[in-house]
Amino acid sequence: MNSKQNYTVEILFHERQIQKKIFEIASQVSKDYKDKDLVIVAVLNGSFIFCADLVRNLDVRCAIDFIQVSSYVDIQSQGKVQIISGFKEDLIGKDILIVEDIIDTGITLEFLIREISSKKPKSIKTCVFLDKKCAHKKEVPINYSCFEMGNDFFVGYGLDCNGFFRQLPYLGRIKEFDK
Ligand code: 5GP
Ligand code: MG
């Protein structure tokens, strides 16, 4: 993909549908972490909008940390996860909720769970915006998920294709056309 090509984006979920689902998930998370020591670990870049909406719907005390990883170029996973920027919070004895945009093969989340385990937290759970269930290659526990999707490539609501489309308030799929 390059920025000079023309694209249209097919809308799959409108802002209102997304917000309704996030409210449901956040209510469940609030219940489950009522008396816990919650640390949200948002996986950048893709989860920045999802996580911002999720935490603003939470009704429990939590700290928020960020980790930046990279594994995709264009629409292909490189299968190798790299940490670009790591944790700032002390995770020892904490109840960690990893907030990720998408689980696809599960390679990224498996890697992150291993990394976070080494920091000796009390518990680790996962929360994803999209779950491409049929694409999993690793067995990773998904504790909270907003939408189950097919094996397609999605953009918008924080998700990019080479840096573009993140700002779209809806979730969509690229329909490509050249002029
Ligand atoms: P996995 O390691 O599970 O194969 O892939 C995880 C990462 O790849 C996700 O966190 C996400 O950043 C990226 N990814 C996977 N599928 C898509 C997709 O459909 N659209 C976008 N924009 N990123 C994706
Ligand atoms: Mg991601």
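Keep in mind that the model is predicted.

**Helix α1**

Let's start with α1, which covers residues 15–32. The buried residues here are Ile18, Ile22, Ile25, Ala26, Val29 and Ser30. Looking down the axis of α1, you find these buried residues within an arc of 140°, so they line one face of the helix. Turned away from that buried side is a face with the exposed residues Arg16, Lys20 and Lys31.

Glu100 counts as buried because its relative accessible area is 6%, under the 20% cut-off. Asp101 is buried too, with a value of 15%.

**Asp131 in strand β6**

Asp131 sits in β6, the strand made of residues 123–131. Why does Asp131 count as buried? Because its relative accessible area is 2%, and buried means under 20%. Setting aside neighbours within four places in sequence, Asp131 is in contact with Ile103, His136, Ile142, Ser145, Phe147, Glu148 and Met149.

As background, most residues other than glycine have a negative phi, and most peptide bonds are trans. A cis peptide bond turns up between Leu44 and Asn45, with omega at about 5°. Asn45 belongs to the loop between β2 (38–44) and α2 (48–56).

Then there are two residues other than glycine with a positive phi: Lys120 and Phe165. Lys120 is in the loop between α3 (107–117) and β6, whereas Phe165 is in the loop between β8 (154–155) and β9 (171–177). Are they buried or exposed? Lys120 is exposed, with a relative accessible area of 58%, while Phe165 is buried, at 14%.

Here are the accessibility values for the residues picked out above:

| Residue | Relative accessible area | State |
|---|---|---|
| Glu100 | 6% | buried |
| Asp101 | 15% | buried |
| Lys120 | 58% | exposed |
| Asp131 | 2% | buried |
| Phe165 | 14% | buried |

Note on methods. Residues numbered from 1 in each chain as written. Chains lettered and ligands numbered in written order. Predicted model: local features only at pLDDT ≥ 70, side-chain atom pairs only at ≥ 80, totals over all residues. Heavy atoms only, no water. Helix = DSSP H or I, 4+ residues; strand = E, 2+ residues; numbered from the N terminus. Buried < 20%, exposed > 50% of the residue type's maximum accessible area, 1.4 Å probe, protein only. Contact = heavy atoms within 4.5 Å. Expected span 1.5 Å × (residues − 1). Arc of directions from axis to C-beta.
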